[in-house]
Amino acid sequence: LYLQSIYSTVRGVFSFEVTFTASAMPPKGGAPEPEAKVFYLRCTGGESAPAAVLAPKVGSLGVPPKKVGDDIMKSTMDWKGLRVMVKLTIINRQPTSEVVPFSAALILRALKEPPRDRKKGPKDIVHDG
């Protein structure tokens, strides 16, 4: 089993890529199975990741970054205003995203506090539950 990892930080969005390949030799006969590219992005829920951040990662795979950003925004609507990890899987130029929440995001979600604006909202909030 071959494992490759690449780490990068661009404009505050932390991401890394993991590629799994079963073997070096393709199977005999038939078309080879499509390789799944998996990216992990940490972004704010309910917001689209900037296309400038996604373009270097998914542009080489032939996937438009705007489509990926909209897909991430749809999957993170339940986590609006919270920083969550998103697992982005691309198979045959079709992106799918799913939320991989942190324990901090789960705690803040359990407190059922209203979403706040990151830019204009109050600072140093005391959480009570």
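Leaving aside neighbours within four places in sequence, glutamate 113 is in contact (heavy atoms within 4.5 Å) with Leu108, His127 and Asp128. The model is predicted, so local features need pLDDT of at least 70 and side-chain atom pairs count only at pLDDT 80 or more, while totals for chains, interfaces and linings use all residues. Residues are numbered from 1 along each chain as its sequence is written, and side-chain values use heavy atoms, with hydrogens and water left out.

Glutamate 113 lies in the segment after α3 (103-110). Helices (H or I, at least four residues) and strands (E, at least two) are DSSP runs, numbered from the N terminus. Glutamate 113 has a relative accessibility of 28% and therefore counts as partly exposed. Buried means under 20% relative accessible area, exposed over 50%, and partly exposed in between (1.4 Å probe, protein chains only).

Glutamate 33 is in the loop between β2 (13-21) and β3 (37-44). With a relative accessible area of 73%, glutamate 33 is exposed.

| Pair | Separation in sequence | C-alpha to C-alpha distance |
|---|---|---|
| Glutamate 113 and histidine 127 | 14 residues | 8.3 Å |
| Glutamate 33 and isoleucine 91 | 58 residues | 9.9 Å |

**Helices α1 and α2**

The axes of α1 (residues 51-58) and α2 (residues 65-75) come within 9 Å and cross at roughly 115 degrees. Axes are lines fitted to C-alpha atoms, for helices over the stretch in contact, and angles run from 0 to 180 degrees between N-to-C directions. The two helices α1 and α2 are therefore roughly perpendicular to each other. Angles under 35 degrees count as roughly parallel, over 145 as roughly antiparallel, 65 to 115 as roughly perpendicular, and the rest as oblique.

On the α1 side, the contact is made by Ala51, Leu54, Ala55 and Val58, and on the α2 side by Pro65, Val68, Gly69 and Ile72. By class, the residues of this contact are 7 nonpolar, 1 polar and no charged. Ala, Val, Leu, Ile, Met, Phe, Trp, Tyr, Cys and Pro count as nonpolar, Asp, Glu, Lys and Arg as charged, and the others, Gly among them, as polar.

**The whole protein**

The protein has 3 helices and 5 strands, and from the N terminus on its elements run β-β-β-α-α-β-β-α. Of its 129 residues, 27% are buried. Among contacts with a separation of 6 or more, 52% are between residues 24 or more positions apart.
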